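Reader: I'd like a close look at a single part of this one, the sheet, and then whatever you can tell me about the helix pairs. Could you walk me through it in one go?

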Amino acid sequence: MSVPPSEGPLPPHSSPPLSPSFLAADAAGAAGEPGDAAPSERRFGEYVTVRTHGHVAELVLDRPAAMNAVSSAMARSIAEACTALAADRDVRVTVLTSSHDRAFCVGADLKERNSFSDADLVRQRPLARAAYTGVLELPMPAVAAVHGYALGGGYELALACDVIVADATTVVALPEVSVGVIPGGGGTQLLPRRIGAARAAELVFTARRVAADEALALGLVDRLAAGADARTEALALADRIAGNSPVGLRAAKRALRLGQGLDLKAGLEVEDAAWRTVAFSGDRAEGVAAFNEKRKPVWPGE
């Protein structure tokens with residue numbers, strides 16, 4: 001989705017430095033544990049970078065020339081990065097960020113789509129779905145750090161995360177009906193689960209854009225960072241989450257996701273099944289021991 005010039009400039013954003021507390025944690029691992037690897041960076045294709053900060057992974061959307069519009073190549077890279085993260089047991093939290101100073105992601109690459117035949121669009125569909133599903137199915141908690149425009153598929157990437165941290169520059173929308181399609185990255189299913197069917201319908205049908213304060217009030221985002229600093233707040237939140245049991249975090253996410261939409265009795269069965277996966281784990285034994293010994297747990301992650 002393109003951003004018309006009439007929208008005007010947004011405050012600049014250039015991946016602000018991490019807070020001192022996060023830097024201190026990063027130096028010793030996200031949970032402050034000794035022996036964690038130093039921060040590293042891995043590239044997935046031309047448009048996606050994954051940086052690790054201890055036990056926190058930062059998946060960076062990095063196609064600044066197109067405001068992170070999701071092309072076929074970028075969709076493939078997002079899916080590949082998510083596959084790698086899902087298999088990495090050392091990652092306890094993933095944070096989705098952007099390298100662009102005015103946008104998180106403006107959705108599908110409509111310039112690329114304009115050149116597609118119907119057959120091209122059919123062939124491209126599995127690539128697009130794999131990108132959104134890849135984020136949605138990350139087994140660890142996922143946090144979106146939204147700065148600037150998150151439109152169409154860009155907002156759907158954020159919706160695929162468990163928590164959305166935004167800042168004062170944020171503008172979100174699902175404007176697909178204005179260009180003759182519908183949200184196809186999970187928006188028609190994920191947005192009603194967040195804010196209810198009627199409010200979701202109004203936003204999808206009108207295609208209107210929602211600025212930061214209203215987005216927070218409606219539940220379109222979960223936190224509003226001070227100033228234009230969603231990335232720093234999201235990473236700090238991820239650092240706090242990463243201090244908890246990795247086995248517990250994954251099981252809790254599984255219970256939360258699988259229980260959505262079920263009646264209470266069925267939901268409690270989902271919760272019980274997830275509880276059983278952690279009740280006899282090394283993390284449970286370490287957590288109880290650490291509590292009784294009044295020390296910080298050293299999670300075995302199993």
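Author: A quick word on confidence: pLDDT is the predictor's confidence in each residue, from 0 to 100. The chain averages a pLDDT of 89, with 87% of its residues at 70 or more. This is a predicted model, so to speak of a local feature takes pLDDT of at least 70 and side-chain atom pairs count only at pLDDT 80 or more, while totals for chains, interfaces and linings use all residues. Residues are numbered from 1 along each chain as its sequence is written, and side-chain values use heavy atoms, leaving out hydrogens and water.

Now the sheet. Helices (H or I, at least four residues) and strands (E, at least two) are DSSP runs numbered from the N terminus, and two strands pair if DSSP finds at least two bridges between them. Seven strands make an open, mixed sheet, in the order E1-E2-E3-E4-E6-E8-E11. Its edges are E1 (40-44) and E11 (223-224), each pairing on one side only.

At the E1 end, E1 and E2 (residues 48-53) run antiparallel over five bridges, with Arg-42 opposite Val-50 of E2. The two form a hairpin with three residues between them, and Gly-45 in that turn has a positive phi of about 65 degrees. Further along, E6 (residues 142-146) and E8 (residues 163-166) pair in the parallel sense over four bridges; there Ala-145 has Val-165 of E8 as its bridge partner.

On to the helices. Axes are lines fitted to C-alpha atoms, for helices over the stretch in contact (heavy atoms within 4.5 Å), and angles run from 0 to 180 degrees between N-to-C directions. H10 (residues 246-259) and H11 (residues 264-279) pack at about 165 degrees, axes 9 Å apart. That makes H10 roughly antiparallel to H11; the cut-offs are under 35 degrees for roughly parallel, over 145 for roughly antiparallel, 65 to 115 for roughly perpendicular, and oblique for the rest. Among the residues that meet are Ala-251, Ala-255 and Leu-258 in H10 and Val-270 and Ala-274 in H11.

H6 (residues 187-195) and H7 (residues 197-206) pack at about 130 degrees with axes 7 Å apart, which means H6 is oblique to H7. Leu-191, Pro-192 and Ile-195 of H6 make this contact with Ala-197, Arg-199, Ala-200 and Leu-203 of H7.

One caution: pLDDT stays under 50 over residues 2-36. Where pLDDT is low, the predicted coordinates should not be read in detail.
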